[in-house]
Amino acid sequence: MSMIKLSAEDLEDIVMPVHKKRDKVRSAALQGVNDLFPIIGTHREIHVSNLKVKPKDYSFNDHKKAVMLSGSLNEPLTGTVTIKDKKTGKVLDKKENHTLMQVPHVTNNQTFVVGSGGTTIFNLS
């Protein structure tokens with residue numbers, strides 16, 4: 001019989017309070033989107049700023065409905081998207097509070113509900 005060896009960090013992720021897991025997921029999503037920008041093309045550049053995740057407080061009934069209807073529980077990650085001319089730096093277009101992605105919400109059971117039933121994730125690192 002083989003034993004599974006867990007590090008202190010692995011154990012921390014397993015016993016981490018749900019609010020801390022939510023913060024960890026939100027932080028990772030913000031960092032991931034921030035790392036994608038700027039996108040530099042031949043003639044234009046796309047920049048983002050003011051990134052934030054808008055937390056949602058889902059009820060038991062919201063969770064149940066999402067599972068029953070193969071829905072998802074998400075929190076929108078929004079930001080200001082700016083398109084600039086590469087040569088002149090002139091702002092060609094700017095949109096504030098643009099939704100860039102939907103971040104999966106960590107439920108009170110420490111699962112995600114994404115397009116079907118709850119998915120249990122133990123290690124979020």
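Modeller: Residues are numbered from 1 along each chain as its sequence is written, and side-chain values use heavy atoms, with hydrogens and water left out. As this is a predicted model, local features need pLDDT of at least 70 and side-chain atom pairs count only at pLDDT 80 or more, while totals for chains, interfaces and linings use all residues.

Biologist: Happy with that! What makes up the elements of the protein, from the N terminus on?

Modeller: The order is α-α-β-β-α-β-β-β-β, with three helices and six strands. Helices (H or I, at least four residues) and strands (E, at least two) are DSSP runs, numbered from the N terminus.

Biologist: How do you know that the span of helix α2 agrees with its 19 residues?

Modeller: The expected span is 1.5 Å times one less than the number of residues. For α2 (residues 18–36) that gives 27 Å, and the end C-alpha atoms are 27 Å apart, so the two agree.

Biologist: Which residues of α2 are buried, and why are they said to lie on the same side?

Modeller: They are Val18, Lys21, Arg22, Val25, Arg26, Ala29 and Val33. These residues cover an arc of only 135° around the axis, which puts them on the same side of α2; the arc is that of the directions from the helix axis to the C-beta atoms.

Biologist: And lysine 87, why does that residue count as exposed?

Modeller: Buried means under 20% relative accessible area, exposed over 50%, and partly exposed in between (1.4 Å probe, protein chains only). Lysine 87 has 80% relative accessibility, so this residue counts as exposed. Lysine 87 sits in the loop between β3 and β4, and its C-alpha atom is 9.6 Å from that of glutamate 45, 42 residues apart along the chain.

Biologist: How many bridges join β2 and β3?

Modeller: Eight, again antiparallel, between residues 44–53 and residues 74–85. Histidine 47 has threonine 82 in β3 as its bridge partner, and lysine 52 stands opposite threonine 78.

Biologist: Which are the edge strands of the sheet?

Modeller: The open sheet runs β1-β2-β3-β4 with antiparallel pairing. β1 (39–40) and β4 (91–104) are the edge strands, as each pairs on one side only.

Definitions and conventions. Pairing = 2+ DSSP bridges.
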